[in-house]
Amino acid sequence: MAQSAPPHPKVGEVPCIHCSTVIEVAQDFATAYCAGIQPPCPACGIPVNWWDTLLQAFLHDFPGLVSLPAVGATNTFFQIAVQPYQYQDIAFTDYGVPQDAHILDVFLTPYSPVTLYQSVGGSNRLARHHVLQSSIRLYTVPWGEGTGEPGSVQVAVTWVQNANSGEARKSLIDAAQNFSIGDFESAIIPANNAVELAITRLIEEFLTRVEAARHDKSYVRNFLINNATYSYQLNILLPTILTLKELPSFPLALRSEISTLTKIRNDVAHGGKTSRPLNKQITGRLICAALFGMSHVNYIAPRLLGRPGPRQDNP
Ligand SMILES: [Zn+2]
């Protein structure tokens, strides 16, 4: 078995929309976007608008290899030699995938002269709907009138480390997975969960600290559940807190996308028709909005709270 160099964008990298060179996604991409900062592309020098760049990556997703890393997953690539008419077990841990990784997607590309058979489905992509095992068993046969010579298969495993995944990020990955298989309606609720959880937790923690001397935690929680509900948190509390603390607030366009996501989420949750039909373009924008909302909140949390929040995800 020989390990090969990755032929596709690596973790946290997306193509530049101007020159197509693969560029690294900065950790503070969402906060930079909210602050109106556009770093130059290292290859062509044109300012990178992270919203346009990541949205394009979502909409032109090549088998999840772009959108899933954009939401915090990792791609591991390797190539294996295969013998026709033989079963072959592949343990992902042999290629650097951690033992406790949650496998999101496995994509197999056979090279001449073999065709693959595997236990799930007839395509070369193993069902991304299922939580996959940390190993797979392949069976290969020669193509058409192939010679029966040994062949090779390129394997792309997309995974996320369980320990690093907070609830909000898991929801976002769930949304991105549903999006990448074209199940747009199922992407909406987890996408909204991701950004709502991140915002509500940040505000709750902030207010609890302010109020800690006078009230117990349940006082703040009740206020957020019964009075300043999510829409007020998004549109009034959060912008106020961020402005007072001199941190970048959500641009109006982003806030509007996040509000639309919530409206459509309510339509879906209540079993009704969505106010506009969901397609790839609309759903991609909404998931991107959830990604930017969650990532900005998580990035600024330590700055707002004075130390890393105990329940915040990575940005
Ligand atoms: Zn460029």
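Buried residues make up 37% of the 315 residues in the protein. A residue counts as buried if 20 or more other C-beta atoms lie within 10 Å of its own, as exposed if 12 or fewer do, and as partly exposed in between, with C-beta atoms placed from the backbone. The model is predicted: local features require pLDDT of at least 70, side-chain atom pairs count only at pLDDT 80 or more, and totals for chains, interfaces and linings use all residues. Residues are numbered from 1 along each chain as its sequence is written.

Confidence was examined next. pLDDT is the predictor's confidence in each residue, from 0 to 100. Its mean over the protein is 80, and 78% of the residues reach 70 or more. Among the elements, helix α7 (residues 230-244) has the highest mean pLDDT, 95. Strand β7 (residues 125-126) has the lowest, 54. Over residues 118-123 the pLDDT is below 50, and this stretch has seven contacts in the model beyond near neighbours in sequence. Residues 1-11 also stay under 50. For them the model has 22 contacts beyond four places in sequence. Two residues are in contact if their C-beta atoms, placed from the backbone, lie within 7 Å. Where pLDDT is low, the predicted coordinates should not be read in detail.

The secondary structure comprises nine helices and nine strands. Helices (H or I, at least four residues) and strands (E, at least two) are DSSP runs, numbered from the N terminus. Of the contacts between residues at least 6 apart in sequence, 71% join residues at least 24 apart.

Strand β9 (residues 151-161) is mostly covered, with eight of its eleven residues buried. Strand β3 (residues 74-82) runs antiparallel to β9, and nine bridges join the two. Two strands pair if DSSP finds at least two bridges between them. A81 has S152 of β9 as its bridge partner. T74 is also placed in strand β3. This residue counts as buried, with 20 C-beta neighbours inside 10 Å. T74 and A101 are 27 residues apart in sequence, yet their C-alpha atoms are 9.9 Å apart in space.

Helix α2 (residues 50-59) is likewise covered. Seven of its ten residues are buried, so the helix is largely enclosed by the rest of the structure. The buried residues are W50, W51, T53, L54, L55, A57 and F58. F58 is one of the residues touched by I287, together with A175, A176, F179, A187 and A191, not counting residues up to four places away in sequence. I287 is among the residues with the most contacts inside the largest nonpolar core, alongside L172, A191, A194 and A290. That core has 72 residues. A nonpolar core is a set of buried Ala, Val, Leu, Ile, Met, Phe, Trp, Tyr and Cys residues joined through C-beta atoms within 7 Å. In soluble globular proteins, nonpolar side chains tend to be buried together.

Helix α9 (residues 280-305) has 26 residues, which at 1.5 Å a residue should span 38 Å. The expected span is 1.5 Å times one less than the number of residues. The end C-alpha atoms of α9 are 37 Å apart, which agrees.

Most residues other than glycine have a negative phi. S20, in the loop between β1 (13-15) and β2 (22-24), has a positive phi of about 70°. S20 is exposed, with 10 other C-beta atoms within 10 Å. E246 lies in the loop between α7 and α8 (252-269), and its phi is near 55°. E246 is exposed, with 7 other C-beta atoms within 10 Å.

Two further loop positions were examined. C19 is found in the loop between β1 and β2. It counts as partly exposed, with 13 C-beta neighbours inside 10 Å. C19 is in contact with C41, A43 and C44, leaving aside neighbours within four places in sequence. C19 and C44 are 25 residues apart in sequence and 6.3 Å apart in space, C-alpha to C-alpha. S275 sits in the loop between α8 and α9. With 10 C-beta neighbours inside 10 Å, S275 counts as exposed. Its contacts, with neighbours within four places set aside, are K263, I264 and D267. The C-alpha atoms of S275 and K263 are 8.2 Å apart, at a sequence separation of twelve residues.
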